[in-house]
Every structure is written in structure tokens, then in C-alpha cells.
Amino acid sequence: MNAAVTVVFALLGVLAVGSALLVVTTRQVVHAALWLVVALGAVAGCYLLLRAEFVAWVQVLVYVGAVVVLLLFALMLTKAPIGVSEDLDAGLAQRVVAAMVALATGALLVTVLVDGFSGEVIDQGATGGAPAIGASVFRSWVLPFEVLSVLLLAALVGAIVLSRRDVPGAGAADSVAGGR
Amino acid sequence: MPLLLPLLVATGLFTAGLYGVLARRNAVLVLMGVELMLNAANLMLVAFGAWLADTLLAGQVLTLFVITVAAAEVGLGLAIVLMVYRQRRSIALDEMTDLHESRTAGLS
Amino acid sequence: MSVLDLLLRLVLLLACFLVLPLVVGQIEHKAMAHMQSRLGPMYAGGFHGWAQLVADGVKFAQKEDVLPAAADPWVFRLAPALALLPYLVVLALIPVGAGQAVVSADVGIFLVLAVMGIGIIGTVMAGWASANKFSVLGALRAAAQLLSYELPLVLAAASVAMAAGTLSLPGIVEAWRPWWLLWQLPGALIFLVAGLAELSRSPFDMPVAESEIIFGAYTEYAGLRFALFLLAEYAGIVVLGALTTVLFLGGWKWPFLVGGLGWLWTLVKTLAVAFLVIWLRVSLPRLREDQLQRLAWAWLVPLALVQLMITGVVRVMG
């Protein structure tokens, strides 16, 4: 059983990393969002295998159901042609540097993690069902939870203010844009 | 399951996300890279939580918090992106140089 | 649960998934026709056109599978499957009788809401990949609609979960009492209205408004793929009916004839809700896009919050 879980996790991991690479390298802008769905879904599967059931479904509800739809929405409102767009990536030099930085970070992380945690084994006993999470959030983590709700309110207000067009002063900016 | 397996998957996601943030110039694609990096952090939190068999479930609770913050971040980020698009019909990040110190002034 | 048992349940599930949407579709044909003082299909199959949808299916299967030249082929082909599959998963989680769900999960209600949100990606994919302006407009409308109405939907469901003290669907039905019909009435109405909007059903069918944008995201589809989208719409009605039944109408509970026949009551209540959905389609004109958003944010969300508050107060006091 445990070996099967490990194998499935490895497959999901390969799927997640592979589609993540496609997200950042594809030259078709909407495909990036769709590969992101695959990557996030695979991560949700990883949570399930780690016995974090509730987190997995939150991941599906919030990320796949809302965040990706929002991203797709934004892509279509801006510019999302079918087929290859050439202007998604920065210049070659920047891409090479970016790849080097990313690979160096990855190498550093792998070194540290292998050095620190090779041989450690996750015991599959712990569970993350909804009752346990609920009790934990509302007993031990109440204060961060409340702070988070204030943060969400601030974000909500901010998003509304940003997208309003009838605020005094915003009209001037629009007319400047019209004159460009 | 060896602890290293989820950690390496998370590293892969983080590396891909970091490359995306640095190499893309479409603002929405950069946000996607940020999402990948956040997911990598989440996966690590959950994996370490499972490894420690934490009674407070800190790993999973923090993951929930990160997901919430990420949702707020995307909402605000996309509002800004759409605002920028409305003003200048482009969301290429390297064209937003209005507040950049002008090159000639910098040289002289 | 033995393998054979599971297999039997899966076969039953598949049968329900294929038959119930057809039943709802046929009810829609006939009920709509009679409400509009006409007969509806009368020839296929002989008796009052009962086989009309089977004939439609045969027709769809014979049609050419058109792929627009400018379309994105993979996304275009994948979209119908992605629109349909979530409903199959949700149907598997619905408990039709005591202990009679194909799959049972602790966090059932949560899982159902999470999976239902995925279907919209199928519509957005279809709209974008069709290389058609009207399709993109339809997809955008569908996405905006879903994002707005997800909130009241989840809040209304959360109210019931709070009342029952559990997230499991069978657990909610077990805890349900007849007076909840009154207590959770606002929640039930909000759930139904938001569900209608999520399914893009009348009066919230701007994503497919034929007089404005032809058929929205599905304009370019033909043949079997189009049939899959239609099936998804009717499966959506079945799922919405079943969920309303389980969450707000007491599932398999009824004053009499309960032992062993609970699934029948689930079915009857589900079809009753489906009929209501069809009735609303015939009765109400389509809303405008801004009216739709106003309804969600100015009415449904505050109402859902009030419902949540009432539920909380009753739970704490009672």
C-alpha cells in the first residue's frame, strides 16, 4: 500500500512539475492557464496522498475553480490570440539569466533538502479531515484567522476601488489615456 | 513515503515558477509564475506537517492561509493588470517605464 | 464494500447519468410546449413523442464533426468532456437513500461545490478555442456569472452545513428536520437561484443568449460534441435538483413509505426541482448583464449572510 502511494505520488509530482514547466515556457498564452490547471490539480492530488484532504478540496475550489477562471478572464479581456504569440517572453539574454537563477536556486534547495532530510520517512498516520482542521483553526489559530479576514476585506475594498470608473480623478487619467 | 519526494516536487515547482516570474513579460503570466511558487511553498508546508505529525496541524492551517492570501493577491493583481491595460492597451511589463529615471539624465 | 458491489453502483450511476438528463430534457420539451399552448414533439416513438431525444441523439451522431479552421484543435476537442465530467463526479456523491451513495466522503458538500466549479473551465475553453467573437463573449459572460454566483451558492450551502453540524451529505440529510424548510427557506431560494445562474439557465442564460450572441461558447460546435454540451446542461439540472433535495428538502425523508423506498423520494423531489427550473425558463424573461451582477452582489450575498447569521444564532441559542 505504502509503496503504491509513493509511486502514485511520484507520478503526480512528475505531472505537476512537467505542466509547471509548460506553464512558464509555452508560447500560447491561454495554454499556459490550462497547463496551470493541470499543475494545480496534480498538487491537489499530492495533498490527498499526504492525507490533507480538506486542503486538497480547498485547493480545487479556490485555485482551479476561482483563481484560474479569474486568470483566464483577465487573459481574454487583455489579449489572448489563438496560436503562438511572440511577445510573451523577455529577450534571450534575460531568459538565459532567468534560467540560470532558477536553476541555481533549484540546485541550492535540492542540496539543502537532500543534505537535511534524506532518509526521513513520512508516517501516513496523521489525518487532516475537516473536523481536525476546524478545531485547529478556531482554537490555536484564531488570531491569524481574524487578521486574515481583515486582509481579505482590505483586498476586496482595494479591488473595488481599482476597478471603479466613477471615482473623481480617475476620469482625468482616462482622458490622458485617450489622448495617447 | 520518503519525505524527500514531496520536497523535490516542491523544488521543481518553485524553480519553474521562479523562471516564469523572471523570464515572462506578460503580466498575467508572471502572476501564474507567482502562483506556482506559492504552491511549492504550500506543498512543503503540508509535507513537513505530515512528517512532524503536528497536533496543531500547523502545516495544513498555514497552507489554507496561504491559499486565501493568494486568492486575494490574484484578485488585486488582476484588477491592477486590467487597469494598466485600460490605460495603455498593453500589459507587457518592460513597457511600463513611465516612472523610470530617464536614460539620458542618468548618463549625464 | 466489495468489488462487485462497487461495480454495480458504478453501472447504476452511469445509467442514471445517461437516463435522467434525457428524462429532464423530455419533460422540458413537453412541459414547455403545453405551457405555451402547443403540443411539442408528437411523432418519434409513437406515444406523445417519447423517443424524441433518442432520435435527436441519433441525429447528432450522424452529423459531421466540424472543427473550425482557425480553432485551437486540442482545446476545442477537450472542452465538452471537461464540461460534462464534473457533473458525473457530483452525481456519484449524492446519497439517494440511507447509505446509498456511490462514493461517500466526509467533506461531501465541500467536494461537490469544488468539483462543480471546474465545469466552467470547459465552457471558457470552448468559447476561446472556437475562434469566434460571439463564443469568446459567451465564455466571458459565463465566467463572470460563475464567479459572482459562486459566493452566494457556497454561503447558502454553508448555512445548511452549519445547521446540521457536518459537511457530509448523508449526515446533513440525517440531521434534517421538517421545520428546516422554514428555517432554511432563504438559503434554499438563494441556492436555487445561484445554481440556476451557475448552469446558465433561464432567466440567467445570457452566456447563450441566442438573440445577442448566437449560442455563446457553443456556437461553433456540431454533432456529438454539441450533444455533450447539451447533456451537460441537463445533467446540471439533475445535479442542481439532487443537491437542493439533499441539502434543503430532506433527501430521502418523507412522512410515509420510507423504508427501502427512500431513493424514490429523492428521485421525486429531484424531478420536482427540475420541473421548477423548466417552469422558470418558460415564465421569466432574460435578465440584462448588469441586472445579473446587481442581483448577485446587492441581494443574494447580503441575504445569504443574513441566513448564515440566523442559522448561527439558532444553533448557539438552541
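**View 1. Chain A, its helices and its two assigned domains.** Chain A holds 7 helices and 0 strands, and when it is read along the sequence the pattern is α-α-α-α-α-α-α. The domain assignment of this chain gives domain 1, covering residues 1-85, and domain 2, covering residues 129-166, and the C-alpha centres of domain 1 of chain A and domain 2 of chain A are 24 Å apart. Of the 180 residues in chain A, 33% are buried. Where contacts in chain A link residues at least 6 apart in sequence, 62% of them join residues at least 24 apart.

**View 2. Confidence along chain A and its stretch 171-180.** The mean pLDDT of chain A is 83, with 89% of its residues reaching 70 or more. Over residues 171-180 of chain A, however, the pLDDT is below 50, and this stretch has 3 contacts in the model beyond near neighbours in sequence. Where pLDDT is low, the predicted coordinates should not be read in detail.

**View 3. Chain B, its helices and its extent.** Chain B has 4 helices and 0 strands, which follow the pattern α-α-α-α along the sequence. Its C-alpha trace spans about 60 × 30 × 20 Å along the principal axes, and the radius of gyration of chain B is 19 Å, whereas a compact globule of 108 residues would have one near 13 Å. Buried residues account for 54% of the 108 residues in chain B. Among the contacts in chain B with a separation of 6 or more, 48% come from residues 24 or more positions apart.

**View 4. The contact between chain A and chain B.** Of the 2 pairs of chains in contact, chains A and B are the pair that shares the most contacts. Here 65 residues of chain B are in contact with 80 residues of chain A. On the side of chain B that touches chain A, the elements that give two or more residues are α1 (4-23), α2 (27-52) and α3 (58-88) of chain B, and the largest share, 22 residues, comes from α3(B). The residues on this side of chain B divide into 47 nonpolar, 13 polar and 5 charged.

**View 5. The largest nonpolar core and the surroundings of A:L71.** The largest nonpolar core has 191 residues, of which A:L36, A:C46, A:V68, A:L71, A:L72, B:L13 and B:A47 touch the most other members. The element that gives the most to this core is α3(A), with 20 residues. When its neighbours within four places in sequence are left aside, A:L71 is in contact with A:A33 and also with B:V28, B:L31 and B:M32.

**View 6. The contact between chain C and chain A.** This contact takes 25 residues from chain C and 21 residues from chain A. The elements of chain C that give two or more residues to the side touching chain A are α4 (108-116), α5 (119-129) and α6 (133-164), and α6(C) gives the most to that side, with 6 residues. The residues on the side of chain C that touches chain A divide into 21 nonpolar, 1 polar and 3 charged. No contact joins chain B and chain C, and the closest C-alpha atoms of these two chains lie 11 Å apart.

View 7. Most residues other than glycine have a negative phi. A:R51 counts as buried because 20 other C-beta atoms lie within 10 Å, and the cut-off for a buried residue is 20 or more. C:S37 is not a glycine either, yet its phi is positive, at about 55°, and C:S37 lies in the loop between α1 (3-35) and α2 (52-62) of chain C. In contrast to the buried A:R51, C:S37 is exposed, with 6 other C-beta atoms within 10 Å.

Note on methods. Residues are numbered from 1 along each chain as its sequence is written. Chains are lettered from A and ligands numbered from 1 in the order in which they are written. This is a predicted model: local features need pLDDT of at least 70, side-chain atom pairs count only at pLDDT 80 or more; totals for chains, interfaces and linings use all residues. Two residues are in contact if their C-beta atoms, placed from the backbone, lie within 7 Å. Ala, Val, Leu, Ile, Met, Phe, Trp, Tyr, Cys and Pro count as nonpolar, Asp, Glu, Lys and Arg as charged, and the others, Gly among them, as polar. A residue is buried if 20 or more other C-beta atoms lie within 10 Å of its own, exposed if 12 or fewer, and partly exposed in between; C-beta atoms are placed from the backbone. The radius of gyration is taken over C-alpha atoms; the globule rule is 2.2 Å times the number of residues to the power 0.38. Domain bounds come from an automatic or database domain assignment. A nonpolar core is a set of buried Ala, Val, Leu, Ile, Met, Phe, Trp, Tyr and Cys residues joined through C-beta atoms within 7 Å. pLDDT is the predictor's confidence in each residue, from 0 to 100.
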